[in-house]
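Let's take a quick tour of this one together. Have a look at the model first, then read on.

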Amino acid sequence: MAALVVQTIAGLIWAGGAAARIGALEAAVVEQRSVAERLARLEAQGETTRATLARIEAQLSDE
């Protein structure tokens with residue numbers, strides 16, 4: 001009977017630790033998602049800037 005109680009307590013402690021680790025992983029995923037969205041926006045802005053610069057360089061070389 002004592003072994004069953006000890007095993008139950010150990011299982012509950014393990015489950016609590018696993019829940020904490022899962023919570024930390026979920027928070028990291030949410031943070032990575034927002035970073036990925038910002039990176040995608042920056043990449044789009046960089047492409048637009050490169051296209052604008054190419055257009056300006058073409059106009060200057062025509063003049």
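The protein has 1 helix and 0 strands; both are DSSP runs, with helices being H or I of at least four residues and strands E of at least two, numbered from the N terminus. Its radius of gyration is 27 Å, well over the 11 Å from the globule rule for 63 residues, so the protein is more spread out than a compact globule. (That radius is taken over C-alpha atoms, and the rule is 2.2 Å times the number of residues to the power 0.38.)

This is a predicted model, where local features need pLDDT of at least 70, side-chain atom pairs count only at pLDDT 80 or more, and totals for chains, interfaces and linings use all residues. Residues are numbered from 1 along each chain as its sequence is written, and side-chain values use heavy atoms, leaving out hydrogens and water.

**Shape**
- Along the principal axes, the C-alpha atoms fill a box of roughly 95 × 10 × 5 Å.
- Serine 61 and alanine 15 sit 46 residues apart in sequence, and their C-alpha atoms are 68 Å apart in space.

- Isoleucine 9 belongs to helix 1, which covers residues 2–62, and is partly exposed at 46% relative accessible area.
- Serine 61 is in helix 1 too, and its 57% relative accessibility makes it exposed.

Key: Buried means under 20% relative accessible area, exposed over 50%, partly exposed in between (1.4 Å probe, protein chains only).
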